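Here's a quick briefing to read alongside the model. Have the sequence and the 3D view open as you go.

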Amino acid sequence: MTAIPKDDFAFPSPETETLHQRFGLTKREYFAGLAMQSQSDLSKVPENLAHWSVKCADALIAELERTK
């Protein structure tokens, strides 16, 4: 299991950390969930919606990194 850097978590909390593990959502997972919530068309194929949501999350993370 690869360690995830602390700044990759959406809501880092020292109370939920152990020596080798952190709990909670990564920024990527959180952003993908938000993108998925923005879609109101329930006729979309779930796999396509999931793929689109992850692409949106990746694009947002890339843009945030680019503008640091």
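Is Phe31 buried or exposed? Phe31 is buried, with a relative accessible area of 18%, which puts it under the 20% cut-off. Bear in mind that this is a predicted model. The points below cover an aromatic pair, a serine and the salt bridges.

**Aromatic pair**
- Searching the whole structure turns up one aromatic pair.
- It's made by Tyr30 and Phe31: the ring centres are 6.1 Å apart and the planes sit at 50 degrees, so the pair is tilted.
- Tyr30 is partly exposed, at 29% relative accessibility, whereas Phe31 is buried.

**Ser53**
- Ser53 belongs to helix H2, which covers residues 46-66.
- With a relative accessible area of 0%, Ser53 is buried.
- Its side chain reaches the backbone oxygen of Leu49 at 2.9 Å.
- Setting aside neighbours within four places in sequence, Ser53 touches Ala32, Ala35 and Met36.

**Salt bridges**
- The count here is two salt bridges.
- One joins the side chains of Asp58 and Arg28, at 2.6 Å from N to O.
- That pair ties together distant parts of the chain, with Asp58 in helix H2 and Arg28 in helix H1 (residues 27-37), 30 residues apart.
- Both ends are partly exposed: Asp58 at 31% and Arg28 at 42%.
- Glu63 and Arg66 also meet through their side chains, at 2.8 Å from N to O.
- Glu63 and Arg66 are three residues apart in helix H2, so about one helical turn separates them.
- Glu63 is partly exposed at 36%, while Arg66 counts as exposed at 61%.

Definitions and conventions
Residues are numbered from 1 along each chain as its sequence is written. This is a predicted model: local features need pLDDT of at least 70, side-chain atom pairs count only at pLDDT 80 or more; totals for chains, interfaces and linings use all residues. Side-chain values use heavy atoms; hydrogens and water are left out. Rings of Phe, Tyr and Trp (its six-membered ring) pair if their centres lie within 6.5 Å; planes under 30 degrees apart count as stacked, over 60 as edge-to-face and the rest as tilted. Buried means under 20% relative accessible area, exposed over 50%, partly exposed in between (1.4 Å probe, protein chains only). Helices (H or I, at least four residues) and strands (E, at least two) are DSSP runs, numbered from the N terminus. A polar contact is a pair of N or O atoms within 3.5 Å; within protein, one must be able to donate a hydrogen and the other to accept it, and residues adjacent in sequence count only if both atoms are side-chain atoms. Contact means heavy atoms within 4.5 Å. A salt bridge is a side-chain nitrogen of Lys or Arg within 4 Å of a carboxyl oxygen of Asp or Glu.
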